[in-house]
Amino acid sequence: MNAETPQKRIAIFGSTGSIGTQALEVIAANPGLFSAEVLTAHHNDELLVQQALQFNPNIVVIVDEKKYQKVKQALAHTDIKVFSGEKSLEEVASMDCFDLMLAAIVGYAGLKPTLCAINKGKVIALANKETLVVAGDIIMRKAVENRVPIIPVDSEHSAIFQCLVGETRNKIEKVLLTASGGPFLGRKPNYLVNVKREHALQHPNWSMGAKITIDSATLMNKGLEMIEAKWLFNLKPEQIQVVVHPQSIIHSMVQFEDGSIKAQMGLPDMKLPIQYALAFPRRIPNQFPRADFKKINTLSFEEPDIKTFRNLALAMDALQKGGNLPCIMNAANEVAVFAFLHNRISFLDMTDVIEKTMAGVSFIANPTLEEYFESDGEARNFAADIIKL
Ligand code: NDP
Ligand code: MG
């Protein structure tokens, strides 16, 4: 351990996912700086046990109660505590055994544990963008009240955050949120109508969990990220511009009042923003591959096609209207993506489900936390009814 910087105790909520496993690689490479104190999984008991045996955390949570005995038995010879059930995520998130929560659960399920950690004053490294999409106003207010820094992990937001270091007194004119365009960049509805699950799961630049990979293919991911950017950086909708940049080298840009633009660049590798968030405010060395500008001969930019990728247009509408509309949209999207991944609806059907749900569930301009929870439930039922799930 480094005498100047005490080891940071990390809780990884969603340790068995794409972000979670990459975060553990970062921790393994820097044992003097970080320790993994909490690991959580939904169903994947085998990977959770394997991670627990390697990292020797204080606590593991297996949300799926059917797997509890298996995990408990596999770790019986250790002093690792095993928790199970959905509620235990909130219980563990409220404990004192860690300093920083990496919020890497996918979807709405990440909201409540993250809120508990904020209420306990823990630093949040935020991968779970849905938390801010659903209840960004409340999350940011609680973070200010509890003096909790929220450090983005999402590559675009990490880029913006990095561009803003040293700029606290300077006003942002706008942010340019870059988008790869996903696997169907340039395609039209006559092509998308036949797209299958396997096809949509192939992302050209990033290897990620299934849900965000589908969101990237529909451009909903960029819509969620616009809302995430609004809350993280206190922006007005008109200050957020999406730019399609297929090479994913520029991870996003900030334009200041003098017209100057700062960009953060690098190869597309989530370990970099994960490491940055865990080590912030320090930058620490690593062995990740470096960008070579002799090989990168094109950086290109174009407008997103929101007529074809209507999910992005719907998200822009939700961003503009605010209230519980982003929460409703997020819930409908989670249901639609789940149905698409289970071959229940087509690629383009996802947009119809979201659009109808946004129109069908009652709008609330200034929801309470309870009302966000209710809107989420209502929207899920509404969307499931359309799909007949
Ligand atoms: P994955 O699907 O790969 O992993 C999700 C993790 O959350 C797993 O540990 C999973 O457990 C757990 N989980 C899933 N559902 C629940 C639930 N209902 N309750 C508790 N735990 C649950 O997702 P990613 O790692 O790709 O994404 C995580 C978050 O980070 C998402 O919000 C995503 O938008 C965001 N993000 C991801 C990026 C990426 O490159 N992957 C980039 C930027 C942001 P189990 O394995 O047991 O199912
Ligand atoms: Mg992103």
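Me: Which residue forms a salt bridge with D269?
Reply: In this predicted model, a salt bridge needs a side-chain nitrogen of Lys or Arg within 4 Å of a carboxyl oxygen of Asp or Glu. The closest N and O atoms of the pair that includes D269 are 3.9 Å apart, and both D269 and its partner are buried. The partner of D269 is K271.

Me: How many residues apart in sequence are the parts that the pair of D352 and R310 ties together?
Reply: D352 and R310 form a salt bridge, with their closest N and O atoms 3.3 Å apart. D352 lies in helix 15 (residues 349-360) and R310 in helix 13 (residues 310-321), so the parts that this pair ties together are separated in sequence by 42 residues.

Me: What radius of gyration does the chain have?
Reply: The C-alpha atoms of the chain fill a box of roughly 60 × 50 × 40 Å, taken along the principal axes. With 389 residues, a compact globule would have a radius of gyration near 21 Å, and the value for the chain, which agrees with this, is 20 Å.

Notes
Residues are numbered from 1 along each chain as its sequence is written. Chains are lettered from A and ligands numbered from 1 in the order in which they are written. This is a predicted model: local features need pLDDT of at least 70, side-chain atom pairs count only at pLDDT 80 or more; totals for chains, interfaces and linings use all residues. Side-chain values use heavy atoms; hydrogens and water are left out. The radius of gyration is taken over C-alpha atoms; the globule rule is 2.2 Å times the number of residues to the power 0.38. Buried means under 20% relative accessible area, exposed over 50%, partly exposed in between (1.4 Å probe, protein chains only). Helices (H or I, at least four residues) and strands (E, at least two) are DSSP runs, numbered from the N terminus.
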